[in-house]
Amino acid sequence: MHVQDSHWSPASAVAAGGMTMSAAGSGRDTSRTTPLRVDAQRNLEHVLRAAREVFGELGYGAPMEDVARRARVGVGTVYRRFPSKDVLVRRIAEEETSRLTDQARAALGQEDEPWSALSRFLRTSVASGAGRLLPPQVLRVSVEDGAGGPRVPQQRTQPGTTELRLVPDQPVAVAAVPAVAAEDDAGTAALLEVVGRLVDRARAAGELRADVSVSDVLLVIATAAPSLPDAAQQAAASARLLDILLEGLRSRPA
């Protein structure tokens, strides 16, 4: 998997979610509140779909031109809806965080057995490919749990590459992450809270290793969805890798 941070500036944090620069000054988000013409709405959907595919394959470091080519629109069309790449990245990351949260809530509500709920969430999330689009701050937020202190690995890239590297565990408070807007904090907090409930239930039932944390579960989602050119091979590889990782998460009789 290739993941690369996009540097979100304070300006883009204000203009997040597809807001035009003029709308940013007036506090209006035109991409979500102003009705679009049919062709404009269609172009927006093409851009968002293409962005998910491109960022999922190449990481958030992929250029806007790649998104435009995949969407089969001019790059100017992309910039009319998203005045900077940071704004588009935030839009995609926000939607994927919300999707993961919904998947976790569905697993909690529809599975009575703690392990079944956790494994269902992981399988659904990996199959959807959401792990390839986890926003960088989700893997940076410190998660306190019963197994010890903060244990969230951080995504980093080596200079000149898009290869995922993991920085050793260290405390990183939400407030320490630069240029993260309040709505990002809220979305991240909601995801961590509901995944935490899945983890706590499975651990209390004795089905999850005591040292497994929320961050470990998120890391499984982020790494168990490899991007391969063949869809069938990708699905098979993801399923096989997830089976192995789930076995590693389960507790073993003493």
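A crossing of two helices is called left-handed if the near helix is turned anticlockwise from the far one by less than a right angle, and right-handed if clockwise. With that in hand, here are some friendly notes on the structure.

1. **Ground rules.** This is a predicted model, in which local features need pLDDT of at least 70 and side-chain atom pairs count only at pLDDT 80 or more, while totals for chains, interfaces and linings use all residues. Residues are numbered from 1 along each chain as its sequence is written, and side-chain values use heavy atoms, with hydrogens and water left out.

2. **The overall fold.** The protein chain has eleven helices and two strands; both kinds of element are DSSP runs, numbered from the N terminus (helices are H or I with at least four residues, strands are E with at least two). Along the sequence, their order is α-α-α-α-α-α-α-α-β-β-α-α-α. Of the chain's 254 residues, 46% count as buried (buried means under 20% relative accessible area, exposed over 50%, partly exposed in between, with a 1.4 Å probe and protein chains only). Taking contacts (heavy atoms within 4.5 Å) between residues at least 6 apart in sequence, 67% join residues at least 24 apart.

3. **Helix H4.** H4 covers residues 38–58, which is 21 residues, and its first and last C-alpha atoms are 30 Å apart, close to the 30 Å expected at 1.5 Å a residue. The expected span is 1.5 Å times one less than the number of residues. Which residues of H4 are buried? They are Ala40, Leu44, Val47, Leu48, Ala50, Ala51, Val54, Phe55 and Gly56. These buried residues pack against helix H5 (64–71), helix H6 (75–81) and helix H7 (85–110). After H4 comes Gly59, with a positive phi near 90°.

4. **H4 against H5.** The two helices pack at an angle of about 125°, and their axes are 8 Å apart. Axes here are lines fitted to C-alpha atoms, for helices over the stretch in contact, and angles run from 0 to 180 degrees between N-to-C directions. H4 and H5 are therefore oblique to each other; angles under 35 degrees count as roughly parallel, over 145 as roughly antiparallel, 65 to 115 as roughly perpendicular and the rest as oblique. The crossing of H4 with H5 is right-handed. On the H4 side, the contact uses His46, Val47, Ala50, Ala51, Glu53, Val54, Phe55, Glu57 and Leu58, which meet Asp66, Val67, Arg70 and Ala71 of H5. By class, that contact has eight nonpolar, one polar and four charged residues. For the classes, Ala, Val, Leu, Ile, Met, Phe, Trp, Tyr, Cys and Pro count as nonpolar, Asp, Glu, Lys and Arg as charged, and the others, Gly among them, as polar.

5. **Arg72, worth a look.** Most residues other than glycine have a negative phi, and most peptide bonds are trans. Arg72 is not a glycine, yet its phi is positive, about 60°. Arg72 sits in the loop between H5 and H6. Is Arg72 buried or exposed? At 79% relative accessibility, Arg72 counts as exposed.

6. **H8 against H11.** Helix H8 (residues 114–128) packs with helix H11 (residues 231–249) at an angle of about 150°, with axes 11 Å apart. That makes H8 roughly antiparallel to H11, and their crossing is right-handed. From H8, Trp115, Ser119, Leu122, Arg123 and Val126 meet Ser238, Leu242, Asp243, Leu246 and Leu249 of H11. The contact of H8 with H11 divides into six nonpolar, two polar and two charged residues.

7. **H8 against H10.** The axes of H8 and helix H10 (residues 214–223) come within 9 Å and cross at roughly 35°. This crossing, too, is right-handed. Leu118, Phe121, Leu122, Ser125 and Val126 in H8 meet Val217, Val220 and Ile221 in H10. The contact of H8 with H10 has seven nonpolar, one polar and no charged residues.

8. Val126 belongs to H8 and is buried, with a relative accessible area of 5%. Leaving out residues up to four places away in sequence, Val126 touches Ile221, Ala224, Ala225, Ser238 and Leu242. The C-alpha atoms of Ala127 and Ser238 are separated by 7.4 Å, although the two residues are 111 residues apart along the chain.
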